[in-house]
Amino acid sequence: MLIKNPTTPLTEIFDPILSEKQIKLFIKREDLTDDFISGNKFYKLKYNLIEADKLRYKTLLTFGGAFSNHIHATAAAGKKYGFKTIGVIRGEEHLPLNPTLSSAQGNGMIIEYLDRISYRNKYDENLINRLKNKFGDFYLIPEGGSNHLAVKGCAEIIPQIKTKFDFVCTACGTGGTLSGLILGLNSNAKAIGFSVLKGSNFLNNNVKNFLSGFEKENLSNWQIVFDYHFGGYAKINSGLINFCRNFKSRHNIEIEPIYTGKMLYGVFDLIQKNYFPQHSVIVAIHTGGLQGLRGLEQRGLL
Ligand SMILES: *Cc1c(COP(=O)(O)O)cnc(C)c1O
């Protein structure tokens, strides 16, 4: 199975604060990877799909929340590359299906719900066996899609950036994407992750573990910033929403407030605070996730 990387633009951002601080900022538009397999999720799935195909699996099973970009992308990837997909969703069923799950189901994903307590132990052998009895054998992709092969895929984002830069920034959930970026760097550039979760010091360990899978645990060209989670995962406030709206109207690039919005808010705040040396070139990865906007709108959160 051959899966070609998308080519997406690198868009320079012009803003008075950037000229004042003499910083160049580019957005790598991974939101434009694919209509459905958007953003970093394409790169996280790529080598998992290739591996599943090599091992002759016909079915992919994965886990996620009801608004998960990963669930949405896995369903779309299954349809595009010829796998059956099963999405195990945290919590109970709510009808009608929200836009994420209805798109996933439209792409052929079988939706299975798991109560929140069992979900906490989702990799438990008994549960996996129960799922295998129900659905037959499957290739398991972990929640959020982060594993060794996902990190390998995300490393391929770096060579797609055709300009010299000093910093590459990304939003961090599990740290899989950040780990890939770190591995992809082969210059003096530094990778900065912006945690979208509260109390997420575990993220540093996640990244170290992913790196050690490549025997690169000694790399120190990275950092995770924990100051821009806005209260926790999917927590948003009006300042953040206004930032996302303004960003869109000024730069004509849509961003959502769960991941890329928080990261860019942090990037601009750090620029304001002179965190980046003058003449730095920053590349911020737009990791996609715009499908989630419809769910936020439906819940009246935007
Ligand atoms: C999943 C996701 C992330 C987080 O990626 P990790 O590899 O889990 O850190 C960032 N941005 C968007 C839009 C996502 O959907």
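Contact here denotes heavy atoms within 4.5 Å. The model is predicted, with local features requiring pLDDT of at least 70 and side-chain atom pairs counted only at pLDDT 80 or more, whereas totals for chains, interfaces and linings use all residues. Residues are numbered from 1 along each chain as its sequence is written, and side-chain values use heavy atoms, with hydrogens and water left out.

**View A. The open sheet of 4 strands, ordered S5-S4-S3-S6, with parallel pairing.** Strands are DSSP runs (E, at least two residues) and helices likewise (H or I, at least four), numbered from the N terminus; two strands pair if DSSP finds at least two bridges between them. The edges are formed by S5 (110–114) and S6 (139–141), each pairing on one side only. From one strand to the next, the twist averages 25°. S3 (residues 59–64) and S4 (residues 84–90) are joined in the parallel sense over 6 bridges, and Gly64 stands opposite Ile89 in S4.

**View B. Helices H3 and H6 on the sheet.** H3 lies across S3, S4 and S6 and runs at about 170° to S3. H6 (residues 125–135) touches S3, S4, S5 and S6, its direction making about 145° with that of S5. Angles run from 0 to 180 degrees between N-to-C directions, and axes are lines fitted to C-alpha atoms, for helices over the stretch in contact.

View C. Beyond neighbours within four places in sequence, His229 contacts Ser195, Val196, Leu197, Lys198, Lys235 and Lys262.
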